[in-house]
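Thank you all for coming.

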Amino acid sequence: MVNAGNMNGSGNLMDFLDEPFPDVGTYEDFHTIDWLREKSRDTDRHRKITNKSKESIWEFIKSLLDAWSGWVVMLLIGLLAGTLAGVIDLAVDWMTDLKEGVCLSAFWYSHEQCCWTSHETTFEDRDKCPKWQKWSELLVNQSEGASAYILNYFLYILWALLFAFLAVSLVRVFAPYACGSGIPEIKTILSGFIIRGYLGKWTLLIKTVTLVLVVSSGLSLGKEGPLVHVACCCGNFFSSLFSKYSKNEGKRREVLSAAAAAGVSVAFGAPIGGVLFSLEEVSYYFPLKTLWRSFFAALVAAFTLRSINPFGNSRLVLFYVEYHTPWYMAELFPFILLGVFGGLWGTLFIRCNIAWCRRRKTTRLGKYPVLEVIAVTAITAIIAYPNPYTRRSTSELISELFNDCGALESSQLCDYINDPNMTRPVDDIPDRPAGLGVYMAMWQLALALVFKIIITIFTFGMKIPSGLFIPSMAVGAIAGRIVGIGVEQLAYHHHDWIIFRNWCRPGADCVTPGLYAMVGAAACLGGVTRMTVSLVVIMFELTGGLEYIVPLMAAAVTSKWVADAFGKEGIYEAHIHLNGYPFLDVKDEFTHRTLATDVMRPRRGEAPLSVLTQDSMTVEDVETLIKETDYNGFPVVVSKDSERLIGFAQRRELILAIKNARQRQDGVVSNSIVYFTEEPPEVPANSPHPLKLRRILNLSPFTVTDHTPMETVVDIFRKLGLRQCLVTRSGRLLGIITKKDVLRHMAQMANQDPESIMFN
C-alpha cells in the first residue's frame, strides 16, 4: 500500500477542484436554492474584494464599482419599468377607444386626445367632436338609430375577440409563462424556488404586448398585478449583467424584491405603497439594504412615469380625487359594513375561482385555452356593451365612481335635482335629492356589480396576463357608491334623525358618495389579497385622500378579519398551493406535537438512506447512485457501518465535478476512488488516480436531533430558507428532512392532500 499523494504529479491532478469550474453553485429548474450557502458565498466574495482593494488603485476602483452596482441596477429597473408602464397606459387608452371609433385627424389618438386637439369642441359636449367618429358614422354615415347601434355593438365584440385571440395566441406560442398575474410565482421565486424562463426576455416582451391587448379587449382583469411581473423581468434582465447578482441566486432575489416595489409604484403611482407591498406581500427575505434600494427603484420608476404623463393630468394615476368635506364618526358604521362585504366577497371569490381553476387543471377544459379565452371574451363583450358602466374600461369606471359631484360634472351619477336659488361656491355643493339619472345609474350599477362578481371568477387564471387588483377594486367601488348614495339620500330626507342631527344640517354638504366607493374598493381588494398596511398606503397614495386614512384602515382591517374567519389564505397563496409550489408561508402556524423522527426519511419499511462514504467509493459507484436515484444531494458519512456524518454533497455538483474531472484530468476512470477528506486514502501502487471532491462538500450541513419538535423544524426551514436538514443522534446519521417533506407533513396535519406538493 502506498499513499496516493506521493505518486508523480498526482498532487496537482487531485486538487484541480481547488479552482472553481463552470456551473458549480447553480441549481436545476424547479428546485429550491440553499440560502445559507448563497449568503456564505457572497460573504467570501465580498471579503476577497475588500482584501484586493488594498493592493492597487485599480482594485480599489473595482471595489467601488462593485459597491455601486446595486444602485445602478435599481436605477435601470426604475427607468425601464416606468417607461414600459407609461407605454402600456398610452397603448391601452388608444386600443380601448378603438373598439368604439377612430380619430380622423390622427388614428393613433385616443378619443380624449382627439377631442383635445379639436377647435370645434365645446365644454358641455367635450366627449363629442367632429374629428372623432364612431364606426357607424364612418362606415354607414349614421350616428343614431337601431342600425348604427347594432353595427357599433357588432364591431365592439369583433375588436374584443381580435385582441383576446391575438393575446392568447402570442402567450401560447412564444411565452407560456406570460399568462396569469405572476404574483404567486414571484412570491415562490422570492422564497428561493427556481423557475427558469419565468423572468426571461421573451416573457417580458410578450407579457408587455399581451397586457395591452387583454386590457383593451374589455375583459374583467387589470394590468397592475402583471406590471409587478414585468418589473421583476426587468430586474432579472439587469441583474444578469452584473456578476455580483447573476452568480448568486440569493443576491438576485434582493434585486427582484426591489423590482416588485417598482412594479407596484408604477401600477398605482404609489412608491411608498410599492415598498410596503414588497415587504408585506411578496418578499421572503427583506434586509434593511433592500428596503433602501426598493425605495430608490420605486422613486425612479414613479418619476419616469410622471415624466411620460400617460393620463395627461400631471398625476401618476387615473383616479386621483379631491374631496371637500370631512368624514364623520357616524359614517364608520357603513364603512365597517363595506369592510364586511369586502371580506365576504374575498372569500366567495377565492373559493369559486380556485374551484374553477382546479376544474380547468383536472378536466378537458384545460386543453382548450384559446377556446376558453374566446368564449369568456365573447360573453363579456355581449353583456358589457348595453350597460355604459361595463362598456368603458374598468379604470375609467373606478375613476367615475371615486369622483365627487362638482358643479361641472356631466355624469349620470351627478344628476341631482338642483335648488334654483342655490348660491354657493362651486366646490361646496349641499346634499340634494337624487334625480332620474341617479336612479337609473343605481340600477345599472347594481347590474354591473352582479356581472363583475360572476365574470371575474371565470376570467382570473386563464392563459392570458390577468391582474386582480382593478376588478376587485371595481366590485368594491360599485358597492361603495351604491351605499354612499343611499346614505346621502337618507341624510337628506331624514336629517332630523338622531344619527344625522348633530352633523348633517339642511343645506349642508354632509355625505360624499365617492368616499364610500374608495373605502369599498379598499375593502374588496383587502378581502381578496389579505393586504392591510400596504393596501391603506396604496389607496391614499392612489387617490390623494390622506384625510380619509381612518375609514380606509377600518374597512381594510374589517375585511381581513371577516375573510380570515373563513380561511387564512389570500388568493395568491391559494394559487401557490393549487400549483403545488414549495412555498413555506411565514403566516402559517404549525401547532401539532410531532417530532423530526415522525417526518424524516427513510421511514419504517423503506429502503435505507442513500449515502456516500468519505473514501471507499469509486467513480462508478457514485455515478450508479446518481443514476438510480433522483435525490438533490447525498449525506457523506465515514463508513456505512459507523454512519458518522461528515457533510453533504449536492447531486448537481457531483455530476459536474465528475464530468469536469474526466475531461480535464488524466487517469480518472470508473474505478478511481472518490474521497472527501483532506488527505488521499492509501491505495495499491497500480491503482488509478483517486479523485478529490472535498471542495464541493458542505462541511456544515444543518442538523437536528430525532427528538426535535416539528414546530422548531418548521421555524428553522422558514427563517433560514433551508433545502434540507439532516437528522442525527449522537453524531450518527438517521435520516433527512427536505422542504417538500415539511410541506407535505403540514398539508397532512391540515387534512389536505400531501401529494399536492409537487416540487422540492
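Let me begin with strand E6, residues 633-637, where five of the five residues are buried, so this strand is largely enclosed by the rest of the structure. By buried I mean under 20% relative accessible area, with exposed being over 50% and partly exposed in between, using a 1.4 Å probe and protein chains only. Helices (H or I, at least four residues) and strands (E, at least two) are DSSP runs, numbered from the N terminus.

Before going on, a word on the source: this is a predicted model, in which local features need pLDDT of at least 70 and side-chain atom pairs count only at pLDDT 80 or more, while totals for chains, interfaces and linings use all residues. Residues are numbered from 1 along each chain as its sequence is written, and side-chain values use heavy atoms, with hydrogens and water left out.

Returning to E6, Gly633, Pro635 and Val637 point one way, Phe634 and Val636 point the other way, and all are buried. In a regular strand the side chains alternate between the two faces of the sheet. As for its partners, where pairing requires that DSSP finds at least two bridges between two strands, E6 pairs with strand E4, residues 612-613, in the parallel sense over two bridges, and Thr613 stands opposite Val637. With strand E7, residues 645-650, the pairing of E6 is antiparallel over five bridges, and here Gly633 stands opposite Gln650.

Which cysteines form a disulfide? Taking a disulfide as a pair of cysteine sulfur atoms within 2.5 Å, the structure holds one, between Cys103 and Cys114, whose sulfur atoms are 2.1 Å apart. The link of Cys103 and Cys114 is right-handed, with 75 degrees about the S-S bond. Cys103 lies in strand E2 (residues 101-103) and Cys114 in helix H4 (residues 111-116), so the pair ties together parts that are eleven residues apart in sequence. Both Cys103 and Cys114 are buried.

Cys232, by contrast, is in no disulfide, and the nearest cysteine sulfur, that of Cys233, is 7.4 Å away; Cys232 is buried, with a relative accessible area of 0%.

Finally, helix H8, residues 201-216, has twelve of its 16 residues buried, so this helix too is largely enclosed by the rest of the structure. The buried residues of H8, among them Leu204, Ile206 and Leu211, pack against helix H3 (57-98), helix H6 (146-174) and helix H9 (224-239), where contact means heavy atoms within 4.5 Å. Just after H8, Gly218 takes a positive phi of about 90 degrees.
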